[in-house]
Amino acid sequence: MKKFVILFLAVGLLVSPVFFGGVGTAHAAKTIKIGSILNLTGPIAFIGPLFKNGIVMALEEVNYTVGGRKIELIPEDAAADMNVALEKAKKLVERDEVNIILGPLMGDAHMAIAPYLANKKVLTASFYCGDIELTKYKNWFIYPTTLVGLTAPVGYYAAELGHKTMITAGTDYAGGHGFIKGIKMAFEEKGGKIVQEVWWPVGNKDFGPYLTSLKKADTIGYFVEGPSAAQLFLSQYRDFGIKIPLLGTTLAADMPQQITSQLGDWVLGLKGQALYMADMDTAINKTWVKKMTKRFGQAPGGLEANSYAITKTILAALKATGGDDSFDKLWPALLKVKIDTPQGPLAVSPEGVALVNNYIVELKKKGDQYYWDPIKTYKAVEDPRLKK
Amino acid sequence: MSWFVINLLNGVSYGMVLFLIASGMSIVLGAMGITNLAHGAFYMVGAFVGWTVAVKLGATLGLGILAGGLAAGLVGLAMERGLLRHLYKQPNEQVLLTFGFVYILSNVCLWVWGGWPRMPFTAKFLTGSFEIMGRAYPKARIAIILFGLILGVGLWWLQDRTRMGAIVRAGMDDKETTMGLGINLELAFAVIFFISSFIAGAAGVIGAQLLGVRTDLGMEVLLLALIVIIVGGVGSIQGALLGGILIGVIDAFGKALFPQMAMFTMYLTMIIVLIVRPTGLLGRKI
Amino acid sequence: MVVANRRTDKNSIMTTVPYLAGALILAIIPLFLSRYGQGLMTRFLIFALFAMSYNVVFGYAGLLSLGHAAFFGAGGYAVALLKLHYNVDLFWITAPFGLLLATFVAALFGIVALRVTGIYFLLVTFALGQMLYSLAWNVKWLSSKGMQGITGINLPDLGIPGFSLDTTSFYYMVLICFIISCILLYRLVRSPFGLALVGIREDESRMEAVGYNVWLYKYTALVISGAFAGIAGVLFAYYNFFVSPNHLGIATSFLPMVMAIMGGLGTFLGPVIGAAVFIFVETFASIFLPQRWPLILGGLFVLTIMFAREGIGVYLWKIWEKVSHRYGIVEG
């Protein structure tokens, strides 16, 4: 038993050098370290590399330098697990001593890491929305807007189409409730009526029971928690021959090309809310798409556009502070940023929520390429609750 | 009435997928005493290979099912012959080994096929829907039910009516005597394991219509299989069939009637069965 | 086997010395570590304790359970709920509460699960754990606003005026809990009770024939093990700052199982080695190979089974014995 303990200690000593990594580098380092919490493994493993591409592009454009300081990107894998996300946040803050963290993606991971990062004063950017609760920590750059703010245009647009009644259908977790609430608030604000609210659990596979118990309504405002669930939902919606038109969110144009291309002709005409379309007809977008395609070998989608815009915003703030990445300097600078991104013009609200354009798009086909055509633009949409 | 029939069909079709998922694992567990936590990972391998054949290469769904089954079967056979064979009667080691394969196979699939999920797919002639009592009902789901029934009958025949099945049942009861009779139990076990993995892989392609194809299926499918085995009982095709359909139907009606308690109804069923019959509805008494 | 390696009283001083040395090293090592390293060591100690508690039922009593996270999570949820609903931070209240809740859950589980043995025990404990998991998902009282699970837990308040914990002192707090638990667990497995458990694992019917109430022994083992898992859960909630349904379900239940098997089942320190290997390999593999770490971890499980079937701990131990015999380092 004694030897056991000795061995154990020997093993401990062998791995110990890795622990010391953080010591001593604190003052010597002149580089700005930017941490990023991505999902590189797990159920949404395809998303992490896409977000990373956007970040890498933004950093390469400035040659990894801002205000005379070098920038180092430290990507980490959160495996779509909020526990891992917190572990990685701790690692980035305590070992690498970063002041800026990009990501994670998922709302539960936001909530898990928020108190810790607020306490450590680390500027944190959400990749794709965040709950309005996060604004109270005063260290979150919420891009593109809050959960409710993102989907509000769906409700507005439904009312503009003349729909009077709507069924909301969404995934039963905090994020899903936020997105559905946005649709509902906006639709009711315009005089619409919600006739049925359908919720399914996270990871639901069989939508049949829900689809067969829908009431009559003019439209369905829906949110499903990820591309794979969206695929299941859409294909089962088709198979069950549901005729009520869909107005979806987040998973329309933001879906990477690999996913859109699988949907098939029957979804042509599908409408939904989107932040970014690869064929948006602006000069800045066209050059960006060209550069991205050349650099990474595939056309970018909404995810890359998000992480690119976020990184650009942070770089703009860093430029304004002259390369000072301490939170107290960086945060006020961030709130003043006004830039153009491939997605459209971007500003930041006093709460740290981005103000960007939001689009309603329709799926169309040119040759054998599917593309999302913007049919309506909502400028700088804000969470209705923040306006007050 | 039509609401009832439709939801019953929903439940039975989902239940058939659950049956296909669980049957192989249940047999291996009952006949060989092997806790194969990688069973769900075999399902996933089958689903990806089936997708490649049926969608990417554009072959028929039947070929896809065959290819998916074969791929999973071969991976399973390799694992059994290479490693598990040395671990009979050592449940702890089996658990660690097969759990390791969940990690490995998931990551290999991520590597080979990339992380983006694949659209549910089925044969061309199965897209679209029937009219059932005035409502549209997907053809593909009816096909799943038929598939499940055919495979179920086939497996039951293998289990109860063939020499193979008899050897396995004998080996379950008394390994030494069976081997003493000059029966090659090793070979029988290898065949069983191959068949079990084959069904898992084929189920991956058939079930793709309902579950899609993703790199995290390994774990999810494992949980589903465990639930079915708990309800139906270990070691028999009939048990897996009953368990699968029961869970499927309860899940469908649970979702339709109490949408927000969906996950809960399934686990509640499981607990009730456990309290009434700890070894599952059709499990052997112990 | 190490289990059987009992020493006479004459040697007992000799055997405590290395333990003291080990404790001493664990006590001074944080002084040389970065804050991140300290956090990682804290995590390792918590999971080592969790795995040791699991080892009591699995390693010693031979019950393969897949629901052990329920006890761990119950401890954590007790802390989180006290903070969320009653704003209680005081460790001397939350810890006993977490311990009690975990023990209670274990006592309930035992009644249902111990009606069966073998593989069915695994299935039943899995089902019970998942039941708690789905409750935590669905019951609003068990979640804080905006997420599934409870966030907003701070480091515990020890009730000492003018003293609040930081990463380093929290490590020491965990270390003290760990050492006390180790001593208690060591006494337990070396007691007649512990030996009876091993007897039950090896031959249940014989133990029954000799007059042991096998059920009661197993039940007690499960409850005691649940209590220790609860302590680990309490500490983990403080370490992690939040609890989530996952901490009750299968995802967490796999961890102590894997650690215990990997390190060496039924040996006292095996699970600790297993926890060390698991935590450090997972952490560093995912830092250096963010996309391929599951391959490393899964490969490690397979390699363990191929080359060190009795566990890495036992394997290292045997190598050490060979080496030390050749060079005559160790007495007899």
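Mentor: A crossing of two helices is left-handed if the near helix is turned anticlockwise from the far one by less than a right angle, and right-handed if it is turned clockwise. The model is predicted, and local features need pLDDT of at least 70, side-chain atom pairs count only at pLDDT 80 or more, and totals for chains, interfaces and linings use all residues. Residues are numbered from 1 along each chain as its sequence is written, while chains are lettered from A and ligands numbered from 1 in the order in which they are written.

The part to look at is a pair of helices in chain A, α12 (residues 302–320) and α13 (residues 327–335). Helices here are DSSP runs of H or I with at least four residues, strands are runs of E with at least two, and both are numbered from the N terminus. The axes of α12(A) and α13(A) come within 8 Å and cross at roughly 115 degrees. Such axes are lines fitted to C-alpha atoms, for helices over the stretch in contact, with angles from 0 to 180 degrees between N-to-C directions. The crossing is right-handed.

On the α12(A) side, Thr313(A), Ala317(A), Leu318(A) and Ala320(A) make the contact. From α13(A) come Leu330(A), Ala333(A) and Leu334(A). Two residues are in contact if their C-beta atoms, placed from the backbone, lie within 7 Å. Sorted by class, this contact has six nonpolar residues, one polar and no charged ones. Nonpolar means Ala, Val, Leu, Ile, Met, Phe, Trp, Tyr, Cys or Pro; charged means Asp, Glu, Lys or Arg; the others, Gly among them, are polar.

Two strands pair if DSSP finds at least two bridges between them. Within this pair, Asp340(A) has Pro345(A) of β13(A) as its bridge partner, and the hairpin links β12(A) to β13(A) through two residues. β13(A) pairs with β14 (residues 354–356) of chain A as well, again in the antiparallel sense, over three bridges. Ala347(A) is bridged there to Leu355(A) of β14(A). Five residues lie between the strands in the hairpin of β13(A) and β14(A), where Gly352(A) takes a positive phi near 90 degrees.

Elsewhere in chain A, six strands form an open sheet of mixed pairing, in the order β2-β3-β1-β4-β5-β6. β2 (65–66) and β6 (140–142) of chain A stand at the edges with a single partner strand each, so one side of each has no neighbour in the sheet. β6(A) runs parallel to β5 (residues 123–126) of chain A, and three bridges join the two. Among the residues of this pair, Ser126(A) has Ile142(A) of β6(A) as its bridge partner.

Chain A also touches chain B, and the contact takes 31 residues from each of these chains. On the side of chain A that touches chain B, the elements giving two or more residues are β8 (193–200), α8 (208–211), α9 (227–239) and α10 (257–263) of chain A. α9(A) gives the most, with six residues. By class, that side has 15 nonpolar, 12 polar and four charged residues.

Chain B has 12 helices and two strands. Its radius of gyration is 19 Å, close to the 19 Å of the globule rule for 286 residues, so chain B is as compact as a globular protein of that length. The radius is taken over C-alpha atoms, and the rule is 2.2 Å times the number of residues to the power 0.38. Of these 286 residues, 62% count as buried. Buried means 20 or more other C-beta atoms within 10 Å of a residue's own, exposed means 12 or fewer, and partly exposed lies in between, with C-beta atoms placed from the backbone.

Chain C has 13 helices and zero strands. Of its 332 residues, 55% are buried. Leu63(C) counts as buried because it has 25 C-beta neighbours inside 10 Å. Leaving out residues up to four places away in sequence, Leu63(C) touches Val57(C), Phe58(C), Phe121(C) and Lys218(C).
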